[in-house]
Amino acid sequence: MRIYAMANQKGGVGKTTTTINLAAALASYGRRVLTIDWDPQGHLTDAIGAQVAAQDASLAKALLGQWSGELAELVQQVGEGLFVIPTSDDMFLLEPQMYARTGREYMLSRFLDTLVGIFDDVVIDCPPSLGALNDSALVATRRRPPQDQVEGTIIVPVQAEDSSIRALRLFLRQVTTLQEALTVDLDIAGLVVNLYDGRKGRIATSTLAAFEGHPLGVLAVFKDLKEVRESWRMHTTVVEHAPTSETADGFRALARRLDPTLDAVA
């Protein structure tokens with residue numbers, strides 16, 4: 001099972017859009033893909049057209065040991081091979097309670113370990129913060145021995161603007177701090193540049209060039225195209241709404257870049 005954490009402490013950089021459309025692209029290759037709305041604001045839940053989790057059965061309660069039941073009570077199917085664990089009202093209360101718990105950084109990881117053999121991929125839409133929720137999602141992607149049957153990586157959505165460069169520095173500092181504090185190895189696959197418009201002038205073009213020259217590298221560049229806005233309003237994915245579009249092709253290419261085994265079924 002592959003775990004992807006879509007993370008950046010800056011908001012408005014396209015984390016949710018990248019999450020749902022990468023997940024849909026992975027599912028289009030016949031994989032069973034779970035998306036997790038790990039952000040209490042619930043943008044993923046809304047964008048994909050899922051129902052907010054019931055109060056008596058939520059991921060937050062499962063992680064805190066306040067609920068135990070069937071996985072089907074937490075997971076909703078939103079497309080062919082595409083599933084979601086939506087947000088819930090108690091997600092806002094989860095992070096404060098995590099700080100009082102030993103091993104809080106591994107809470108999400110322990111839950112995801114139970115999904116090996118059920119899902120091929122898990123894509124986590126992280127909140128725009130440097131708090132415990134983000135830490136737990138990042139640690140879930142840590143490097144494991146082969147017998148664990150879990151691989152993970154971090155994807156960092158950005159925009160071609162100066163504030164994204166500053167936010168990236170803060171985020172990378174968080175990753176380094178986690179690795180040193182917990183003695184874990186975290187891999188970052190690279191950057192995904194969203195809402196790119198070269199017509200905005202030198203700030204956009206020079207920032208893109210800086211990202212392309214960054215040691216992490218750029219995995220994909222997505223423009224601000226109408227298919228993305230349309231699919232969001234329709235509560236679906238670009239791959240479903242406009243399967244032959246440039247954007248859908250871009251997300252399928254991103255999926256293959258992240259998982260080269262998909263080339264065999266392309």
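## Two helices crossing: H6 and H7

H6 passes H7 in a right-handed crossing. This is a predicted model, and this crossing is a handy place to start reading it. Helix H6 covers residues 132-139 and helix H7 covers residues 162-182; they pack at an angle of about 65 degrees, with their axes 11 Å apart. Angles of 65 to 115 degrees count as roughly perpendicular, and H6 and H7 are therefore put in that class.

Who touches whom? On the H6 side you'll find Asn134, Asp135, Leu138 and Val139, and these meet Phe171, Gln174, Val175, Leu178 and Leu182 of H7.

## Another perpendicular pair: H1 and H11

Next up are helix H1 (residues 15-27) and helix H11 (residues 246-258), which pack at about 75 degrees with their axes 8 Å apart. H1 and H11 are therefore roughly perpendicular to each other as well. H1 brings Thr17, Thr18, Asn21, Leu22, Ala25 and Leu26 to the contact, while H11 brings Phe251, Arg252, Leu254, Ala255 and Leu258. The residues of the H1 and H11 contact split into seven nonpolar, three polar and one charged.

## The sheet as a whole

Now for the strands. Eight of them form an open sheet with mixed pairing, and reading across the sheet gives the order E3-E4-E2-E5-E1-E6-E7-E8. The edges are strand E3 (76-79) and strand E8 (218-223), each of which pairs on one side only. On average, neighbouring strands of this sheet are turned by 25 degrees against each other, direction ignored.

Over in the E4-E2 part of that order, strand E2 (residues 33-37) runs parallel to strand E4 (residues 82-85), and four bridges join them. Leucine 34 has phenylalanine 83 in E4 as its bridge partner.

## E1 and its two neighbours

Strand E1 (residues 2-6) is mostly covered, with four of its five residues buried. In the strand order, E1 sits between E5 and E6. With strand E5 (residues 121-125), E1 pairs in the parallel sense over five bridges; here isoleucine 3 has valine 122 of E5 as its bridge partner.

The pairing of E1 with strand E6 (residues 151-159) is parallel too, again over five bridges.

How much of E6 is buried? Eight of its nine residues are, so E6 is largely enclosed by the rest of the structure. Besides its pairing with E1, E6 pairs in the parallel sense with strand E7 (residues 188-196), over six bridges. Isoleucine 154 stands opposite isoleucine 188 in E7.

## Helices against the sheet

Which strands does H11 lie across? Those are E1, E6, E7 and E8, and H11 runs at about 170 degrees to E8. So the sheet's edge strand E8 is among the strands that H11 covers, and H11 is also the helix that packs with H1.

Conventions:
Residues numbered from 1 in each chain as written. Predicted model: local features only at pLDDT ≥ 70, side-chain atom pairs only at ≥ 80, totals over all residues. Heavy atoms only, no water. Buried < 20%, exposed > 50% of the residue type's maximum accessible area, 1.4 Å probe, protein only. Pairing = 2+ DSSP bridges. Axes fitted to C-alpha atoms, helices over the stretch in contact; angles between N-to-C directions. Parallel < 35°, antiparallel > 145°, perpendicular 65-115°, else oblique. Left-handed = near helix turned anticlockwise from the far one by under 90°. Contact = heavy atoms within 4.5 Å. Nonpolar A, V, L, I, M, F, W, Y, C, P; charged D, E, K, R; others polar.
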